[in-house]
Amino acid sequence: MARRHLRIPLLSRNPHAPTPLHLRHALCSSTTATVDTAAPAIDPPTPAASAGDTPAAAAAAAEFDSALDSPPPRAPREEEPLQDTIFTMIRRRKWSTRMENSIRLLSPTLTAPLVHGVISAASAANRADLALQFFRFAYRRAGFRPEPATFALLVPVLASRRMLNHARCILLETMPAFSVAPGEATVAALVAAYGRAGIPQEAVKLFRLMPELGITRTALSYNAVLKAILCRGREAMARRVYNAMVADGVVPTLATYNTLIWGFGMCKKMESAVRVFGDMKTHGVTPDVTTYNTLLNAWVRTGDLESARKVFDEMPGAGFDRNSISYNVMIKGYVEANKVEEAVGLFRRWGRRG
């Protein structure tokens, strides 16, 4: 069977040449079908440069289009402080020579503010062990020479986390090696830490060692050792230290008397507590609301609610408003003594005060 060939005439290169009739019909039908099936989307007009616009107008139109297409500018990100970066590194990674080299790359020279910043960051995260490890790396292998402020920062951090042996070694061995004399506040912090740990004998040893270290003991260190002693109920030793304090010419402060009243109350030695309360006026020290609340709590602890109520009623006359601690202590005493009516009456009275 013979093939039939369709002969399509070529279009003229002349755009104004007439189109054959049968092709004109075919093009019209094709265009109509296209328009009916899918209408093209019409973009909104945008400012553009026409042929007659000046170069400045064209540049302005291009800048407008670029501003529409570009995302909004981002605020510059603040860089993390270097000490925080180093602390994050030593907290997340195991200590190794490689990590030490990484620290050297970040900071070839470890300055005092940087070392202090890392120690402070470790203290805030309750990681005194990392503070000690970084300190040892800094002065042993990074050429850092500690300052008095370095030890004043590090020793209380170690003491607060009960790393007492390390703190003592730094105080008595490392500091003399760098010819740094410890300050009274640094030693007092360690003395107080021994008391909180229930080791008053070590607190007393360190307290007695202070003159050999060239430290003049003031009320700060006396208050620390008194509290350390009284935490274990050593009221006789506390009296001897207090007498030595007065004999050495150190004037007791308000904190000294509050500590003694608190300690004697803990030991239920109310005769000594009342005597100390009277000595305050003799030495010209005015009690505060903490003093009255401490004495009030001491009477409640011994079960003498009559004396406790007497102190409670004397507070307004002495010029002190009874606060929530005063009411809570007194109400607690009534409840423990099964005096419910008195407790409820005092509670309602407290509520009326607002």
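Start by selecting Leu110: leaving aside residues up to four places away in sequence, Leu110 touches Ile103, Val115, Phe134, Phe137, Ala138, Ala142 and Phe144. Contact here means heavy atoms within 4.5 Å. The model is predicted, so local features need pLDDT of at least 70 and side-chain atom pairs count only at pLDDT 80 or more, while totals for chains, interfaces and linings use all residues. Residues are numbered from 1 along each chain as its sequence is written, and side-chain values use heavy atoms, without hydrogens and water.

Next, colour the largest nonpolar core, which has 94 residues. Such a core is a set of buried Ala, Val, Leu, Ile, Met, Phe, Trp, Tyr and Cys residues joined through side-chain atoms within 4.5 Å; buried means under 20% relative accessible area (1.4 Å probe, protein chains only). Ile90, Ile103, Leu110, Phe134 and Ile170 have the most contacts inside it. Helix α6 (residues 128-141) gives the most to this core, with 9 residues.

Now show helix α3 (residues 82-92) and helix α4 (residues 97-106), whose axes come within 11 Å and cross at roughly 170°. The two helices are therefore roughly antiparallel (an angle over 145 degrees). Select Leu82, Thr85, Ile86, Met89 and Ile90 on α3, and Met99, Ser102, Ile103 and Leu106 on α4, to see the contact. These residues divide into 7 nonpolar, 2 polar and no charged.

Finally, go to Ser272 in helix α14 (residues 270-282). Ser272 is buried, with a relative accessible area of 9%. Beyond residues up to four places away in sequence, Ser272 touches Arg239 and Phe264.

Definitions and conventions
Axes are lines fitted to C-alpha atoms, for helices over the stretch in contact, and angles run from 0 to 180 degrees between N-to-C directions. Helices (H or I, at least four residues) and strands (E, at least two) are DSSP runs, numbered from the N terminus. Angles under 35 degrees count as roughly parallel, over 145 as roughly antiparallel, 65 to 115 as roughly perpendicular and the rest as oblique. Ala, Val, Leu, Ile, Met, Phe, Trp, Tyr, Cys and Pro count as nonpolar, Asp, Glu, Lys and Arg as charged, and the others, Gly among them, as polar. Buried means under 20% relative accessible area, exposed over 50%, partly exposed in between (1.4 Å probe, protein chains only).
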